[in-house]
Amino acid sequence: MCDAEKNAAAGAQEEAVESPDVHFEPIVKLQDVEVKTHEEDEDSIFKMRAKLFRFDTEGREWKERGTGDVKLLKHKENGKIRLLMRREKTLKVCANHYITEDMVLSPNVGSDRSWVWNVAADLVEDEAERQLLAIRFGNAENATKFKEAFEEARETNKSLASGANPAQEESEDEKSEDEDKEDDKEDAEASKDAEASKDAEESKEEEKKD
């Protein structure tokens, strides 16, 4: 290496050592944004992976809507239960509707792990549409579990629609049972008092005879 090259390298090294730390403040500060799923006021009472289909009336064929977790969500205040399903990865909604009294799960032809049902108003992409849906699970056992949870949710919503509160009905039944037990206790005590009074009268009559 020649002297000129050595001097240039040394000068560059000195500049690198003497250079102050450079810090750039961001022009725009990004704030944390809370992302809402609209599930914050609900409890998940059922969750299972499945594949969803819808029937295309124009093409007369089944079309896949997506694969993901199907959930049954119960509102914390009013107790209503809806079905919600999102696609994997994108989390885009592919099914969203309340489970109403007229919804009946029918077996899909040739499959013991698939169900079909009609939806009057399936709210996807802010637009409610009438749909014929089909859902398929990994096995028959999972399909049966979904059916049981679906039908239980339907009965719960049916009771709420008629103005009855399942929790309140259960509480009233317990209260009625307690009242019946209390009445039985009072009747038993009254019976004992009557028997004691009868024995006392019989005893007095025997003393008079003596």
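Buried residues are those with under 20% relative accessible area, exposed residues those with over 50%, and partly exposed residues those in between (1.4 Å probe, protein chains only). By this criterion, 24% of the 210 residues of the protein chain count as buried. The model is predicted, so local features need pLDDT of at least 70 and side-chain atom pairs count only at pLDDT 80 or more, while totals for chains, interfaces and linings use all residues. Residues are numbered from 1 along each chain as its sequence is written, and side-chain values use heavy atoms, with hydrogens and water left out.

View 1. The protein chain has three helices and seven strands (DSSP runs numbered from the N terminus: helices are H or I, at least four residues; strands are E, at least two). The seven strands form an open antiparallel sheet in the order 4-3-2-1-7-6-5. Strand 4 (93-98) and strand 5 (106-107) stand at the edges with a single partner strand each, so one side of each is left without a neighbour in the sheet. Strands count as paired if DSSP finds at least two bridges between them; strand 3 (residues 81-86) and strand 4 pair in the antiparallel sense over five bridges. Within this pairing, M85 has A95 in strand 4 as its bridge partner.

View 2. R154 lies in helix 2 (residues 140-161) and counts as buried, at 14% relative accessibility. Its side chain reaches the backbone oxygen of M103 at 2.8 Å. Apart from neighbours within four places in sequence, R154 is in contact (heavy atoms within 4.5 Å) with I99, T100, E101, M103 and V104.

**View 3. The salt bridge between R86 and E39.** A salt bridge requires a side-chain nitrogen of Lys or Arg within 4 Å of a carboxyl oxygen of Asp or Glu; the whole structure holds 12. The side chains of R86 and E39 meet in one of them, at 3.1 Å from N to O. This pair links distant parts of the chain, R86 being in strand 3 and E39 in the loop between helix 1 (3-18) and strand 1 (42-56), 47 residues apart. R86 is partly exposed at 22% relative accessibility, whereas E39 is buried at 13%. A network of salt bridges links E39, K71 and R86.

**View 4. The salt bridge between K145 and E141.** The closest N and O atoms of K145 and E141 are 3.7 Å apart. Because the two residues are four apart in helix 2, about one helical turn separates K145 and E141. K145 is partly exposed, with a relative accessible area of 39%, and E141 is exposed, with 52%.

How values were computed
A polar contact is a pair of N or O atoms within 3.5 Å; within protein, one must be able to donate a hydrogen and the other to accept it, and residues adjacent in sequence count only if both atoms are side-chain atoms.
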